[in-house]
Amino acid sequence: MSVRGLVKRYGSGSGAVTAVDGLDLELLPASVLALLGPNGAGKTTTVEICEGFVDRDAGDVRVLGLDPAGAPEALRARMGVMPQGGGAYPGVKALEMLRVVAACSAHPLDVSWLVDVLGLRSCAGTPYKRLSGGQQQRLALACAIVGRPELVFLDEPTAGMDPQGRRLVWDLVAALRRDGVSVLLTTHLMDEAEALADHVVIMDAGRAVAAGSPAELCRGGHEQELRFRARPGMDVADLAAALPDGYSAAEPVAGRYLVQGRISPPVLAAVTAWCAGQGALADDVQVTRRSLEDVFLELTGRELRS
């Protein structure tokens with residue numbers, strides 16, 4: 001799947017909003033692409049255009065070699081869709097819904113097997129509207145994969161799930177990749193993207209602000225951080241001066257200190273020696289690597305989005 005220069009606007013005139021603004025994406029066969037971004041970044045709009053449910057204003061989109069805007073019928077049998085909100089009729093029973101979707105497929109997976117794998121047996125006769133959030137999500141996932149698709153779109157696939165449900169979905173996504181299926185997923189869970197994705201694209205205001213594998217994105221900037229607790233108000237400029245060139249020191253919260261750079265035994269020794277010289281004890285010392293969440297917040301900011 002490839003996306004080049006994708007643009008989508010809503011409204012007209014002075015009230016027009018550009019939801020997607022010149023976006024490029026590439027999803028390779030048998031791989032997982034995670035699309036990340038704050039609320040309103042344009043993730044769901046992008047996915048809906050690729051699924052053929054929303055028309056684009058500009059750009060080129062190819063899904064399994066076809067334009068989703070011009071060949072939805074040809075694509076429908078080859079892809080699976082798990083939308084936000086489940087996409088099921090409120091009154092339909094779980095097993096009935098899955099059977100209906102399976103009946104539309106040429107070579108569906110065994111429905112009974114899929115019900116057991118996704119832990120839906122106990123609620124097979126329960127109407128969709130009475131399912132828990134996690135059960136609704138698992139049913140939506142079952143409907144997305146029952147037709148043996150070549151490409152699967154998963155929009156927030158583990159929203160509302162407990163840890164057991166999340167791990168089950170992660171295992172299924174990994175199995176899809178091993179079977180040669182391509183997966184495009186959106187998520188707000190950074191650990192989910194790190195665990196599942198071969199490639200990550202971070203969006204903000206309709207644009208891609210970063211792209212790469214999770215390891216590549218986390219490798220930029222400061223690779224490691226040393227955090228410790230000590231007496232508040234110590235001179236962090238003096239601490240930075242005690243470290244090799246290229247290191248920084250800060251006190252982001254009173255009494256909690258942060259050193260950024262490559263943390264080696266000599267650097268750790270320099271920090272503890274400096275604290276000792278201040279008559280302070282470095283407590284709760286932790287060395288951590290830059291996470292995908294750190295990268296995400298650096299690029300998109302820390303303010304809440306509506």
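Student: What distance should the 13 residues of α5 span at 1.5 Å a residue, and how far apart are its end C-alpha atoms?

Tutor: Keep in mind throughout that this is a predicted model. At 1.5 Å a residue, the 13 residues of α5 should span 18 Å.

Student: How many of the 13 residues of α5 are buried?

Tutor: A residue counts as buried when its relative accessible area is under 20%. In α5 the buried residues include Gly 134, Arg 138, Leu 141, Cys 143 and Ile 145, and they pack against β5, α3, α4, β6 and α6. The helix is largely enclosed by the rest of the structure, because the number of buried residues in α5 is twelve of the 13.

Student: Which elements do the buried residues of α6 pack against?

Tutor: Helix α6 covers residues 163-178 and reaches 23 Å from its first C-alpha to its last, close to the 22 Å expected. Its buried residues include Gly 165, Arg 166, Trp 170 and Leu 176, and after the helix comes Gly 180, with a positive phi near 90°. The buried residues of α6 pack against β3, α4, α5, β6, β7 and α7.

Student: Which element gives the largest share of the lining of the largest pocket?

Tutor: The largest pocket holds about 770 Å³ of space, and among its 31 lining residues Arg 76, Met 79, Val 81, Val 101 and Cys 143 lie nearest its centre. At least two lining residues come from each of α2, β5, α3 and α5. The largest share, at five residues, is that of α5.

Student: How many nonpolar residues does the lining of the largest pocket have?

Tutor: Sorting the lining by class gives four charged residues and eight polar ones. The remaining class in that lining, the nonpolar one, has 19 residues.

Student: Where does Asp 284, with its positive phi, lie?

Tutor: Asp 284 is a residue other than glycine, yet its phi is positive, near 50°. With a relative accessible area of 34%, Asp 284 is partly exposed. Another non-glycine residue with a positive phi is Arg 148, at about 55°, and Arg 148 lies in the loop between α5 and β6. The place of Asp 284, by contrast, is in strand β13.

Student: Is Arg 9 buried or partly exposed?

Tutor: Arg 9 lies in strand β1 and, leaving aside residues up to four places away in sequence, touches Val 17, Thr 18, Ala 19 and Asp 57. Buried would require a relative accessible area under 20%, and exposed one over 50%. At 44% relative accessibility, Arg 9 therefore counts as partly exposed.

Student: What percentage of the contacts with a separation of 6 or more comes from residues 24 or more positions apart?

Tutor: The protein comes to eleven helices and 13 strands, and buried residues make up 46% of its 306 residues. A contact here requires heavy atoms within 4.5 Å. Among contacts with a separation of 6 or more, the share from residues 24 or more positions apart is 67%.

Definitions and conventions:
Residues numbered from 1 in each chain as written. Predicted model: local features only at pLDDT ≥ 70, side-chain atom pairs only at ≥ 80, totals over all residues. Heavy atoms only, no water. Helix = DSSP H or I, 4+ residues; strand = E, 2+ residues; numbered from the N terminus. Expected span 1.5 Å × (residues − 1). Buried < 20%, exposed > 50% of the residue type's maximum accessible area, 1.4 Å probe, protein only. 1 Å grid on protein atoms, 1.4 Å probe; cavity = no way out; pocket = protein on both sides within 12 Å on 5 of 7 lines; lining within 4 Å. Points joined across faces, edges and corners; volume = space filled by probe spheres on them. Nonpolar A, V, L, I, M, F, W, Y, C, P; charged D, E, K, R; others polar.
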